[in-house]
Amino acid sequence: MQRHYETLFIISSKIQDDDIAKVCKTMEELVVKNGGQVTKVEKWGKRKLAFEVKKHRDGYYVLLQSLGPSPMIDELERNMKLTDDVIRFLTVRIDDRLKLEAKKRKKAGIEEPPPPVAQPVQEAAPEAPEEAPPADEPSEVAPEAPSADPEEGETPEKPEGESAGEEE
Amino acid sequence: MAYRKSPRKKTFKKLMFRRRKVCKFCADKIDYIDYKDHRLLQGYIKERGKILPRRISGTCASHQRKLTDAIKRARHIALLPYATD
């Protein structure tokens, strides 16, 4: 069963920027490797932490929204635990929240924005369970098909409270 | 909502009048309190990081519960402090 998750994790600020990007990429790939897809990635950049975490006073925040089966998140979290560069993480299920937002949007009569296209990482996992894409859309192999949103798993753009690269 | 009896103890010094504050979340019809919205949440914690009680902040019971969850999550990922000096 596909579920929507939101993971917010903090990457150590003591490593190089390239490494930070690498860690980010690794996590995204993990999602895909375990049968899910990345629906949103937000890099908040370096932020001052409210308290010291593993001898860090600041960290690089990344928000990752994903859609996938539950074992995927277990795997993702397991990896985060093992990765030294990830100093904190928090995963939340956001199915209900997304439903609420979709409802609000419908009420306001706003047009549903198309779900964000999955990351360019090659999606080997067959995301067939989604409903068949509309006839006019030629079913390309990987990148397009998973974007077709089923009724239950709508992933609209969610206005976040934070903007990227914010620093207190 | 009933207000508490003003002097809970025998002394009159602790006379507390509770303004009939409206729950901000109910007024704005917000269902989901985002743990990532630390600016919003900051208005509900004391200076030392403690969570404000309902009778001070004026939130309604259901929103206070959600608020508490959000604050605790935000604390976990260091968007809010657990305690400050």
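This is a predicted model: local features need pLDDT of at least 70, side-chain atom pairs count only at pLDDT 80 or more; totals for chains, interfaces and linings use all residues.
**View 1. The contact between chain B and chain A.** Here 24 residues of chain A meet 17 residues of chain B. Together the two chains bury about 1,700 Å², with 58% of that area on carbon and sulfur atoms. Look for B:Lys36, B:Ile77 and B:Ala78: these residues supply 32% of the area that chain B buries against chain A, more than any other three residues.

**View 2. A salt bridge between B:Lys36 and A:Glu6.** The two side chains meet at 2.7 Å, N to O. Between chain B and chain A there are two salt bridges, and the count of residue pairs in polar contact is eight.

**View 3. The side of chain B that touches chain A.** Helix 2 (38–42) and helix 4 (61–76) of chain B are the elements that give two or more residues to this side. Helix 4 of chain B provides the largest share, three residues. Sorted by class, this side of chain B has eight nonpolar, seven charged and two polar residues.

**View 4. Cysteines of chain B without a disulfide.** Over all chains, the count of disulfides is zero. For B:Cys23, the nearest cysteine sulfur belongs to B:Cys26, 3.6 Å away. The closest cysteine sulfur to that of B:Cys26 is in B:Cys60, and because they are 3.4 Å apart, they lie too far from each other for a bond, which needs sulfur atoms within 2.5 Å. B:Cys23 is buried, at 6% relative accessibility, while B:Cys26 is partly exposed, at 37%.

Notes. Residues are numbered from 1 along each chain as its sequence is written. Chains are lettered from A and ligands numbered from 1 in the order in which they are written. Side-chain values use heavy atoms; hydrogens and water are left out. Contact means heavy atoms within 4.5 Å. Buried area is the accessible area (1.4 Å probe) that two parts lose on being put together, summed over both. A salt bridge is a side-chain nitrogen of Lys or Arg within 4 Å of a carboxyl oxygen of Asp or Glu. A polar contact is a pair of N or O atoms within 3.5 Å; within protein, one must be able to donate a hydrogen and the other to accept it, and residues adjacent in sequence count only if both atoms are side-chain atoms. Helices (H or I, at least four residues) and strands (E, at least two) are DSSP runs, numbered from the N terminus. Ala, Val, Leu, Ile, Met, Phe, Trp, Tyr, Cys and Pro count as nonpolar, Asp, Glu, Lys and Arg as charged, and the others, Gly among them, as polar. Buried means under 20% relative accessible area, exposed over 50%, partly exposed in between (1.4 Å probe, protein chains only).
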